[in-house]
Amino acid sequence: MLSPSDIRNEIEKRICNYLSRDKSGIRKALLKLIIKAKTVTVPMLHEILSKTFDVSYHSVASMVGIISSKLGILAVKKANDDAIGVYELKTQYADIVEKAIASV
């Protein structure tokens, strides 16, 4: 079983790896928005990102899904099946994300 510090190190490694493949800067911008807002929705993120980047709604949804499932730094909440998912940054990982963004 992994210790909490091992988990934090693994998440930091995954975030850095995720950002290392960011050619346009959109991933970094997305993570900055998540840190700033703490609670986000895909429509909200798409509206903001589409002002700067040529990005589809589906692309933003995919990026958020990857961040949530593969990186494990977001929690998702839904009121019911038809509701839009509300993603919340897990507070224990906010400092890791900020550190990773600053290092890129």
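In which helix is the place of Ile-26? Ile-26 has its place in helix H2. The structure is a predicted model, in which local features need pLDDT of at least 70 and side-chain atom pairs count only at pLDDT 80 or more, while totals for chains, interfaces and linings use all residues. Residues are numbered from 1 along each chain as its sequence is written, and side-chain values use heavy atoms, with hydrogens and water left out.

Helices (H or I, at least four residues) and strands (E, at least two) are DSSP runs, numbered from the N terminus. Ile-26 counts as buried, at 11% relative accessibility. Buried here means under 20% relative accessible area, exposed means over 50%, and partly exposed lies in between (1.4 Å probe, protein chains only). Leaving aside neighbours within four places in sequence, Ile-26 is in contact with Leu-49, Phe-53, Val-55 and Met-63. Contact means heavy atoms within 4.5 Å. Ala-37 is 11 residues from Ile-26 in sequence, and the two are 16 Å apart in space, C-alpha to C-alpha.

Nonpolar packing comes next. In soluble globular proteins, nonpolar side chains tend to be buried together. The largest nonpolar core of this model has 32 residues. Such a core is a set of buried Ala, Val, Leu, Ile, Met, Phe, Trp, Tyr and Cys residues joined through side-chain atoms within 4.5 Å. The residues with the most contacts inside the core are Ile-15, Leu-31, Leu-49, Ile-67 and Ile-73. At least two core residues come from each of helix H1 (4-20), H2, helix H3 (42-49), H4, strand S3 (86-89) and H5. H2 gives the most, with 7 residues.

Ile-15 is in contact with Leu-31, Leu-71, Ile-73, Ile-96, Val-97 and Ala-100, leaving aside its neighbours within four places in sequence. Ile-67 lies in helix H4. Ile-67 is buried, with a relative accessible area of 0%. Beyond four places in sequence, Ile-67 is in contact with Tyr-18, Leu-30, Leu-31, Ile-34, Gly-72, Ile-73 and Leu-74. Ile-67 and Ile-15 are 52 residues apart along the chain, yet their C-alpha atoms are separated by 8.6 Å.

Ser-68 also has its place in helix H4 (residues 57-71). At 19% relative accessibility, Ser-68 counts as buried. Its contacts, leaving aside neighbours within four places in sequence, are Ile-73, Leu-74 and Tyr-87.

Helix H2 (residues 26-37) also meets helix H5 (residues 94-103). Their axes come within 10 Å and cross at roughly 145°. Axes are lines fitted to C-alpha atoms, for helices over the stretch in contact, and angles run from 0 to 180 degrees between N-to-C directions. The crossing is left-handed, a term for a near helix turned anticlockwise from the far one by less than a right angle, with right-handed used if clockwise. H2 makes the contact through Lys-28, Leu-31, Lys-32 and Ile-35, and H5 through Val-97, Glu-98 and Ile-101. By class, this contact has 4 nonpolar, no polar and 3 charged residues. Ala, Val, Leu, Ile, Met, Phe, Trp, Tyr, Cys and Pro count as nonpolar, Asp, Glu, Lys and Arg as charged, and the others, Gly among them, as polar.

Asp-95 lies in helix H5. Asp-95 is partly exposed, with a relative accessible area of 42%. Lys-78 is 17 residues from Asp-95 in sequence and 26 Å away in space, C-alpha to C-alpha.

The strands form an open sheet. Its 3 strands take the order S1-S3-S2, with antiparallel pairing. Strand S1 (39-40) and strand S2 (74-77) stand at the edges, each with a single partner strand, so one side of each is left without a neighbour in the sheet. Two strands pair if DSSP finds at least two bridges between them. S1 is joined to S3 by 2 bridges, and S2 to S3 by 4 bridges. Glu-88 in S3 stands opposite Thr-39 and also opposite Ala-75. Side chains alternate along S3.

The loop between H2 and S1 holds Lys-38. Most residues other than glycine have a negative phi. Lys-38, although not a glycine, has a positive phi of about 70°. Lys-38 is partly exposed, with a relative accessible area of 37%.
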